[in-house]
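Take a look at the fold below.

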Amino acid sequence: MYYAGIIGCGKIAELRHAPEYLETKKVKIVGFYDNSFDRAKRLAHMFGGKAFTSVEELLADSNINLISVCTANTSHAEDTIRALEAGKHVIVEKPMAVSIKECEDMVLTAKKVGKRLLLGHNQLFAGGHVMAKKLIDSGVIGKPLVFRTVFGHPGPECWTENPNSWFISKERAFFGVLGDLGIHKIDLMHYLLSDEIVSVSANTATLDKKNPSGSFIDVEDNAQALFKTAKGTQGTLQVSWTYYSGEENSTRIYGTKGLICLYDDPEYAVIVQERNGNLCKMKIDALTSNEEQNAGRRTSTGIIKEFVDAIDEDRPSRADGVQALKAMRVVFAAIESAKTGKEISVSQNE
């Protein structure tokens with residue numbers, strides 16, 4: 001049996017981490033900490049355990065061996081490193097941290113203390129993406145040449161149900177949509193292609209998203225990027241917080257022998273169109289939207305199960321911090337490209 005503590009008691013803890021711990025049947029939740037004690041008490045009442053008055057008190061509990069870090073982006077590195085040094089395995093929400101040094105320090109600390117560090121990259125475990133990985137590896141579409149990946153929704157204030165959400169504040173989030181949604185798709189492309197992005201040209205903008213005061217938010221609400229991978233594949237990314245009429249979360253990969261479409265059709269999670277005309281449509285699952293999660297129509301993302309199973313089985317995970325670091329390097333390169341107007345090379349050396 002494992003025993004979990006959760007740091008940060010917002011929506012991601014309430015709708016994903018806490019319920020998914022309980023669904024594993026291998027974990028008991030010991031308690032919660034949040035800078036709002038009332039929020040911590042609320043989740044403790046919902047899921048069991050106690051509300052801790054400080055991070056120090058929670059990490060000092062010798063029963064706890066798993067920690068979820070669900071705090072604002074600017075706190076990720078500090079909370080993660082403290083938990084690792086306290087002898088806990090950690091899963092931290094994306095984006096990993098707000099500087100390359102912080103990300104690297106998190107990975108180095110996990111290695112130094114011999115504890116696991118995973119990221120909440122739940123899209124890696126969606127059924128359609130897992131199937132696509134197998135198909136691409138089997139050579140169904142041949143050599144991947146070009147990809148297009150898109151992720152957009154109405155914005156994090158809808159997900160959090162808070163018009164002053166920290167997600168739209170540079171002081172606490174640092175990133176806008178690029179770190180919030182872009183990181184998912186960058187990490188996903190690394191996984192699907194068994195490849196790494198090594199060059200990026202990007203632009204970002206704040207097109208429409210405003211604070212309750214009526215002023216534009218100080219992080220980007222839209223971003224686009226052009227990528228090149230180590231194996232020569234080229235691709236585009238579009239992420240947005242201004243898809244007000246509906247969420248999109250889709251990927252297309254074009255290869256020498258065909259095309260694979262992922263979550264590009266409302267009924268079929270995977271569609272393979274071969275160059276010879278063969279067409280295969282697969283009903284596997286559906287990606288749960290933010291709107292559905294908030295309405296209580298949730299399904300397990302599989303990320304907490306993976307966290308627990310990877311520890312239990314003592315095996316690597318596609319969500320390991322080392323892999324997440326590679327995706328973060330691309331995000332920071334995209335930010336630099338958007339600022340300078342130049343194509344930026346990404347060094348993926350360990």
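Start with the charges. The protein carries 42 positive and 45 negative charges, and their mean positions lie 3 Å apart. Keep in mind that this is a predicted model.

Next, the overall build. The protein contains 12 helices and 15 strands. Its C-alpha atoms fill a box of roughly 60 × 50 × 40 Å along the principal axes. The radius of gyration is 20 Å, which agrees with the value near 20 Å for a compact globule because the chain has 350 residues.

Now the contacts. Consider those between residues at least 6 apart in sequence: 69% of them join residues at least 24 apart.

What share of the 350 residues counts as buried? The figure is 56%. As for the surface, the protein exposes about 15000 Å². Carbon and sulfur atoms supply 49% of that area.

Finally, the cysteines. A disulfide is a covalent bond between the sulfur atoms of two cysteines. How many disulfides does a search of the whole structure find? It finds 0. Cys-9 is in no disulfide, and the nearest cysteine sulfur, that of Cys-70, is 8.1 Å away. A disulfide needs the two sulfur atoms within 2.5 Å. For Cys-103, also in no disulfide, the nearest cysteine sulfur again belongs to Cys-70, at 17 Å.

Are these two cysteines, Cys-9 and Cys-103, buried or exposed? Cys-9 counts as buried because its relative accessibility is 4%. Cys-103 is buried too, since its relative accessible area is 0%. The cut-off for buried is under 20%.

Conventions
Residues numbered from 1 in each chain as written. Predicted model: local features only at pLDDT ≥ 70, side-chain atom pairs only at ≥ 80, totals over all residues. Heavy atoms only, no water. Helix = DSSP H or I, 4+ residues; strand = E, 2+ residues; numbered from the N terminus. Rg over C-alpha atoms; globule rule 2.2 N^0.38 Å. Buried < 20%, exposed > 50% of the residue type's maximum accessible area, 1.4 Å probe, protein only. Contact = heavy atoms within 4.5 Å. Areas by Shrake-Rupley, 256 points an atom, 1.4 Å probe, with all protein chains shown as cover. Lys, Arg positive; Asp, Glu negative; His and termini not counted. Charge placed at Lys NZ, Arg CZ, Asp CG, Glu CD.
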